[in-house]
Amino acid sequence: MTLSAADILGHPHFVPALRAYAAELRGQFDQSPRLSRMLASHQRWLLSQAAFALQLEYDPLQPGSGLTTTNLREIITSNNAASRNTVLNFLDQLLSYKFVRIVGDPNRRPKRYEATEIPTLAMHQWLVTNLQLLDQLDGGDRTATLAAQPDLFRRIQPQIARRACLHPSWLEPPSRVALFLWTEAGGLVMDELVRRAMELEPDGEGYNIGRIDARLMAEHFMISRTHLQRLFRRAVEAGCLYWPDGDRNHCVLRRDFLDEYCGWQAIKFSIVDFAYERVCGPVRLGKQEPRLGAVGGL
(Lines give C-alpha, C1' and ligand atoms only; values in the text may rest on other atoms or scores of the structure.)
Protein backbone atom coordinates (compact mmCIF):
# COMPACT_ATOMS: atom_id res chain seq x y z
CA MET A 1 0.00 0.00 0.00
CA THR A 2 1.49 3.33 -1.07
CA LEU A 3 1.64 6.50 0.97
CA SER A 4 -0.58 9.31 -0.32
CA ALA A 5 0.49 12.95 -0.27
CA ALA A 6 -1.91 13.50 2.64
CA ASP A 7 -0.40 10.55 4.53
CA ILE A 8 3.09 11.95 4.06
CA LEU A 9 2.23 15.55 4.91
CA GLY A 10 0.37 14.53 8.06
CA HIS A 11 3.03 12.14 9.33
CA PRO A 12 4.70 13.33 12.55
CA HIS A 13 8.13 12.34 11.23
CA PHE A 14 7.80 14.13 7.90
CA VAL A 15 9.31 17.47 8.94
CA PRO A 16 12.47 15.99 10.54
CA ALA A 17 12.80 13.61 7.58
CA LEU A 18 12.47 16.51 5.16
CA ARG A 19 15.10 18.43 7.12
CA ALA A 20 17.53 15.54 6.67
CA TYR A 21 16.54 15.34 3.01
CA ALA A 22 17.32 19.04 2.45
CA ALA A 23 20.71 18.62 4.12
CA GLU A 24 21.45 15.63 1.92
CA LEU A 25 20.58 17.64 -1.21
CA ARG A 26 23.00 20.34 -0.08
CA GLY A 27 25.71 17.70 0.20
CA GLN A 28 24.92 16.41 -3.27
CA PHE A 29 25.22 19.96 -4.62
CA ASP A 30 28.70 20.23 -3.11
CA GLN A 31 29.68 16.97 -4.83
CA SER A 32 28.65 18.16 -8.29
CA PRO A 33 27.82 21.89 -8.24
CA ARG A 34 27.77 22.41 -12.00
CA LEU A 35 25.29 19.62 -12.59
CA SER A 36 23.13 20.67 -9.63
CA ARG A 37 23.21 24.26 -10.80
CA MET A 38 22.04 23.23 -14.27
CA LEU A 39 19.03 21.33 -12.92
CA ALA A 40 18.03 23.73 -10.13
CA SER A 41 14.70 24.85 -11.53
CA HIS A 42 11.47 22.90 -11.76
CA GLN A 43 11.52 23.06 -15.55
CA ARG A 44 15.02 21.57 -15.68
CA TRP A 45 14.00 18.94 -13.11
CA LEU A 46 11.13 17.83 -15.35
CA LEU A 47 13.40 17.82 -18.39
CA SER A 48 16.06 15.74 -16.64
CA GLN A 49 13.58 13.17 -15.32
CA ALA A 50 11.94 12.76 -18.72
CA ALA A 51 15.28 12.60 -20.52
CA PHE A 52 16.67 9.98 -18.18
CA ALA A 53 13.52 7.88 -18.49
CA LEU A 54 13.74 7.97 -22.28
CA GLN A 55 17.32 6.80 -22.10
CA LEU A 56 16.41 3.88 -19.85
CA GLU A 57 13.50 2.96 -22.10
CA TYR A 58 15.73 2.59 -25.17
CA ASP A 59 14.95 -0.60 -27.08
CA PRO A 60 17.27 -1.57 -29.96
CA LEU A 61 14.33 -3.38 -31.54
CA GLN A 62 12.34 -0.14 -31.71
CA PRO A 63 13.89 2.33 -34.19
CA GLY A 64 13.76 5.90 -32.92
CA SER A 65 13.41 4.92 -29.27
CA GLY A 66 15.59 6.29 -26.48
CA LEU A 67 16.67 9.82 -25.64
CA THR A 68 16.36 11.92 -28.77
CA THR A 69 15.39 15.53 -29.24
CA THR A 70 12.14 14.49 -30.89
CA ASN A 71 11.11 12.13 -28.10
CA LEU A 72 11.99 14.56 -25.32
CA ARG A 73 10.21 17.40 -27.10
CA GLU A 74 7.08 15.27 -27.50
CA ILE A 75 6.91 14.60 -23.75
CA ILE A 76 7.75 18.07 -22.50
CA THR A 77 5.78 20.20 -24.93
CA SER A 78 2.65 18.04 -24.54
CA ASN A 79 2.16 19.41 -21.02
CA ASN A 80 3.55 22.89 -21.76
CA ALA A 81 6.45 22.38 -19.34
CA ALA A 82 8.90 23.89 -21.84
CA SER A 83 9.15 25.10 -25.41
CA ARG A 84 10.77 23.29 -28.32
CA ASN A 85 13.77 25.64 -28.18
CA THR A 86 14.19 25.05 -24.45
CA VAL A 87 14.41 21.31 -25.08
CA LEU A 88 17.05 21.86 -27.76
CA ASN A 89 19.08 24.20 -25.56
CA PHE A 90 18.85 21.78 -22.63
CA LEU A 91 20.34 18.89 -24.61
CA ASP A 92 22.98 21.15 -26.14
CA GLN A 93 24.09 22.28 -22.68
CA LEU A 94 24.21 18.74 -21.35
CA LEU A 95 26.33 17.76 -24.34
CA SER A 96 28.69 20.71 -23.99
CA TYR A 97 29.30 19.93 -20.30
CA LYS A 98 29.74 16.23 -21.15
CA PHE A 99 26.76 15.19 -19.02
CA VAL A 100 25.43 13.29 -22.05
CA ARG A 101 27.12 11.81 -25.10
CA ILE A 102 25.92 10.83 -28.55
CA VAL A 103 25.71 7.06 -29.04
CA GLY A 104 25.66 5.22 -32.32
CA ASP A 105 26.31 6.91 -35.65
CA PRO A 106 26.63 10.69 -34.98
CA ASN A 107 25.51 11.42 -38.55
CA ARG A 108 22.32 9.44 -38.24
CA ARG A 109 19.05 11.24 -37.50
CA PRO A 110 17.62 11.44 -34.99
CA LYS A 111 20.71 11.53 -32.78
CA ARG A 112 20.43 9.41 -29.68
CA TYR A 113 21.95 10.49 -26.37
CA GLU A 114 22.82 8.75 -23.13
CA ALA A 115 23.88 10.10 -19.75
CA THR A 116 27.51 9.91 -18.70
CA GLU A 117 28.70 8.63 -15.31
CA ILE A 118 28.26 11.78 -13.18
CA PRO A 119 24.54 12.41 -13.91
CA THR A 120 23.82 8.67 -13.76
CA LEU A 121 25.29 8.45 -10.27
CA ALA A 122 23.49 11.66 -9.28
CA MET A 123 20.10 10.35 -10.45
CA HIS A 124 20.65 7.10 -8.58
CA GLN A 125 21.61 9.00 -5.41
CA TRP A 126 18.55 11.21 -5.79
CA LEU A 127 16.33 8.13 -5.83
CA VAL A 128 18.11 6.65 -2.81
CA THR A 129 17.63 9.90 -0.88
CA ASN A 130 13.91 9.95 -1.66
CA LEU A 131 13.48 6.30 -0.67
CA GLN A 132 15.32 6.96 2.58
CA LEU A 133 12.79 9.62 3.52
CA LEU A 134 9.89 7.28 2.81
CA ASP A 135 11.54 4.55 4.89
CA GLN A 136 11.83 6.98 7.80
CA LEU A 137 8.07 7.48 7.70
CA ASP A 138 6.87 3.88 7.75
CA GLY A 139 9.92 1.81 8.66
CA GLY A 140 10.01 0.33 5.16
CA ASP A 141 12.91 -1.40 3.44
CA ARG A 142 12.86 0.43 0.10
CA THR A 143 16.46 1.62 0.35
CA ALA A 144 17.74 -1.82 1.33
CA THR A 145 15.75 -3.42 -1.49
CA LEU A 146 17.29 -1.10 -4.06
CA ALA A 147 20.78 -1.71 -2.66
CA ALA A 148 20.22 -5.47 -2.93
CA GLN A 149 18.76 -5.21 -6.44
CA PRO A 150 20.42 -2.22 -8.17
CA ASP A 151 18.75 -2.98 -11.49
CA LEU A 152 15.43 -1.85 -9.96
CA PHE A 153 16.66 1.71 -10.50
CA ARG A 154 16.27 1.29 -14.26
CA ARG A 155 12.62 0.35 -13.78
CA ILE A 156 11.62 2.72 -10.98
CA GLN A 157 12.96 5.98 -12.43
CA PRO A 158 10.86 5.90 -15.64
CA GLN A 159 7.77 5.27 -13.52
CA ILE A 160 8.57 8.39 -11.47
CA ALA A 161 9.05 10.44 -14.62
CA ARG A 162 5.80 9.14 -16.14
CA ARG A 163 3.71 10.16 -13.16
CA ALA A 164 5.57 13.40 -12.38
CA CYS A 165 5.22 14.72 -15.92
CA LEU A 166 1.47 14.12 -15.85
CA HIS A 167 0.54 15.03 -12.28
CA PRO A 168 -1.02 18.52 -12.46
CA SER A 169 -0.39 19.41 -8.81
CA TRP A 170 3.30 18.54 -9.11
CA LEU A 171 3.63 20.02 -12.57
CA GLU A 172 2.36 23.41 -11.36
CA PRO A 173 3.71 24.34 -7.89
CA PRO A 174 1.77 26.76 -5.67
CA SER A 175 2.40 30.31 -6.89
CA ARG A 176 4.74 31.30 -4.06
CA VAL A 177 6.74 28.08 -4.38
CA ALA A 178 6.80 28.58 -8.15
CA LEU A 179 8.37 31.99 -7.63
CA PHE A 180 11.52 30.13 -6.60
CA LEU A 181 11.20 26.87 -8.51
CA TRP A 182 10.54 28.32 -11.97
CA THR A 183 13.54 30.69 -11.75
CA GLU A 184 17.17 30.03 -12.57
CA ALA A 185 18.82 28.17 -9.67
CA GLY A 186 15.80 28.98 -7.52
CA GLY A 187 15.56 25.40 -6.35
CA LEU A 188 18.99 25.67 -4.73
CA VAL A 189 17.96 28.84 -2.90
CA MET A 190 14.70 27.24 -1.77
CA ASP A 191 16.49 24.14 -0.46
CA GLU A 192 18.88 26.33 1.54
CA LEU A 193 16.05 28.36 3.11
CA VAL A 194 14.15 25.18 3.98
CA ARG A 195 17.26 23.53 5.44
CA ARG A 196 17.82 26.52 7.72
CA ALA A 197 14.19 26.84 8.76
CA MET A 198 13.75 23.18 9.61
CA GLU A 199 16.61 23.32 12.09
CA LEU A 200 14.48 25.73 14.17
CA GLU A 201 11.22 25.85 16.03
CA PRO A 202 8.73 28.36 14.59
CA ASP A 203 8.59 31.69 16.36
CA GLY A 204 5.15 33.22 15.88
CA GLU A 205 4.34 33.31 12.19
CA GLY A 206 7.70 32.16 10.91
CA TYR A 207 11.23 30.84 11.29
CA ASN A 208 14.07 33.27 12.01
CA ILE A 209 16.77 31.84 9.76
CA GLY A 210 19.26 34.59 10.54
CA ARG A 211 21.38 36.60 8.18
CA ILE A 212 21.40 35.88 4.47
CA ASP A 213 24.63 36.94 2.84
CA ALA A 214 23.52 37.45 -0.75
CA ARG A 215 27.08 37.77 -2.01
CA LEU A 216 28.24 34.48 -0.49
CA MET A 217 25.06 32.64 -1.46
CA ALA A 218 25.29 33.89 -5.04
CA GLU A 219 28.93 32.83 -5.27
CA HIS A 220 28.25 29.40 -3.80
CA PHE A 221 25.33 28.67 -6.12
CA MET A 222 27.06 30.29 -9.11
CA ILE A 223 24.32 32.81 -9.80
CA SER A 224 24.21 36.56 -10.25
CA ARG A 225 23.96 38.55 -7.04
CA THR A 226 21.54 40.89 -8.81
CA HIS A 227 19.37 37.93 -9.80
CA LEU A 228 19.36 36.65 -6.21
CA GLN A 229 18.49 40.04 -4.73
CA ARG A 230 15.67 40.42 -7.25
CA LEU A 231 14.38 36.99 -6.26
CA PHE A 232 14.35 37.95 -2.58
CA ARG A 233 12.53 41.21 -3.33
CA ARG A 234 9.83 39.29 -5.16
CA ALA A 235 9.66 36.78 -2.30
CA VAL A 236 9.08 39.60 0.19
CA GLU A 237 6.35 41.08 -2.00
CA ALA A 238 4.67 37.65 -2.27
CA GLY A 239 4.75 37.11 1.50
CA CYS A 240 7.29 34.27 1.51
CA LEU A 241 9.72 35.93 3.91
CA TYR A 242 10.54 39.27 5.51
CA TRP A 243 13.11 41.15 7.56
CA PRO A 244 11.47 42.43 10.79
CA ASP A 245 11.99 46.18 11.17
CA GLY A 246 14.43 46.04 8.27
CA ASP A 247 17.01 44.16 10.36
CA ARG A 248 19.11 42.34 7.77
CA ASN A 249 20.53 40.01 10.43
CA HIS A 250 17.17 38.31 10.95
CA CYS A 251 15.37 36.92 7.91
CA VAL A 252 12.03 35.29 8.77
CA LEU A 253 10.65 32.55 6.53
CA ARG A 254 6.88 32.61 6.90
CA ARG A 255 5.33 29.49 8.37
CA ASP A 256 2.46 29.27 5.87
CA PHE A 257 4.93 29.49 3.00
CA LEU A 258 6.95 26.59 4.38
CA ASP A 259 3.70 24.65 4.83
CA GLU A 260 2.91 25.20 1.14
CA TYR A 261 6.33 23.93 0.16
CA CYS A 262 6.01 20.85 2.38
CA GLY A 263 2.61 20.08 0.86
CA TRP A 264 4.03 20.29 -2.64
CA GLN A 265 7.01 18.11 -1.75
CA ALA A 266 4.65 15.53 -0.26
CA ILE A 267 3.14 15.12 -3.73
CA LYS A 268 6.57 14.27 -5.14
CA PHE A 269 7.28 11.72 -2.43
CA SER A 270 3.91 10.07 -3.04
CA ILE A 271 4.85 9.84 -6.73
CA VAL A 272 8.14 8.16 -5.82
CA ASP A 273 6.37 5.71 -3.51
CA PHE A 274 3.78 4.91 -6.18
CA ALA A 275 6.57 4.21 -8.69
CA TYR A 276 8.47 2.04 -6.24
CA GLU A 277 5.40 -0.02 -5.40
CA ARG A 278 4.42 -0.32 -9.06
CA VAL A 279 7.78 -1.94 -9.76
CA CYS A 280 8.51 -3.78 -6.52
CA GLY A 281 4.98 -4.97 -5.79
CA PRO A 282 4.96 -7.26 -8.86
CA VAL A 283 8.58 -8.24 -8.09
CA ARG A 284 7.53 -9.47 -4.65
CA LEU A 285 4.74 -11.45 -6.27
CA GLY A 286 7.01 -12.86 -8.95
CA LYS A 287 5.37 -10.86 -11.74
CA GLN A 288 6.66 -8.29 -14.24
CA GLU A 289 5.36 -4.74 -14.02
CA PRO A 290 3.94 -3.16 -17.21
CA ARG A 291 6.65 -1.75 -19.41
CA LEU A 292 6.58 1.92 -20.38
CA GLY A 293 6.75 2.85 -24.01
CA ALA A 294 9.75 4.87 -25.11
CA VAL A 295 7.63 7.91 -25.81
CA GLY A 296 3.96 7.35 -25.12
CA GLY A 297 4.60 5.70 -21.74
CA LEU A 298 5.67 8.98 -20.24
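1. Ala, Val, Leu, Ile, Met, Phe, Trp, Tyr, Cys and Pro count here as nonpolar, Asp, Glu, Lys and Arg as charged, and the others, Gly among them, as polar. By that scheme, the lining of the largest pocket has 29 nonpolar, 12 polar and 5 charged residues.

2. This is a predicted model: local features need pLDDT of at least 70, side-chain atom pairs count only at pLDDT 80 or more, and totals for chains, interfaces and linings use all residues. Residues are numbered from 1 along each chain as its sequence is written, and side-chain values use heavy atoms, without hydrogens and water.

3. The largest pocket holds about 990 Å³ of space. Its lining takes in 46 residues, with Gln28, Ser36, Leu39, Trp45 and Trp126 nearest the centre. (A pocket is an open set of points on a 1 Å grid over the protein atoms alone, where a 1.4 Å probe fits, with protein on both sides within 12 Å along at least five of seven lines; lining residues have an atom within 4 Å of a point.)

4. Alanine 17 is buried because its relative accessible area is 1%, and buried means under 20% (1.4 Å probe, protein chains only), with exposed over 50% and partly exposed in between. Beyond neighbours within four places in sequence, alanine 17 contacts Leu133, Gln136 and Leu137 (heavy atoms within 4.5 Å).

5. Aspartate 7 belongs to helix 1, residues 5-9. At 38% relative accessibility, aspartate 7 is partly exposed.

Definitions and conventions:
Helices (H or I, at least four residues) and strands (E, at least two) are DSSP runs, numbered from the N terminus. Grid points are joined across faces, edges and corners, and a volume is the space filled by probe spheres set on the points.
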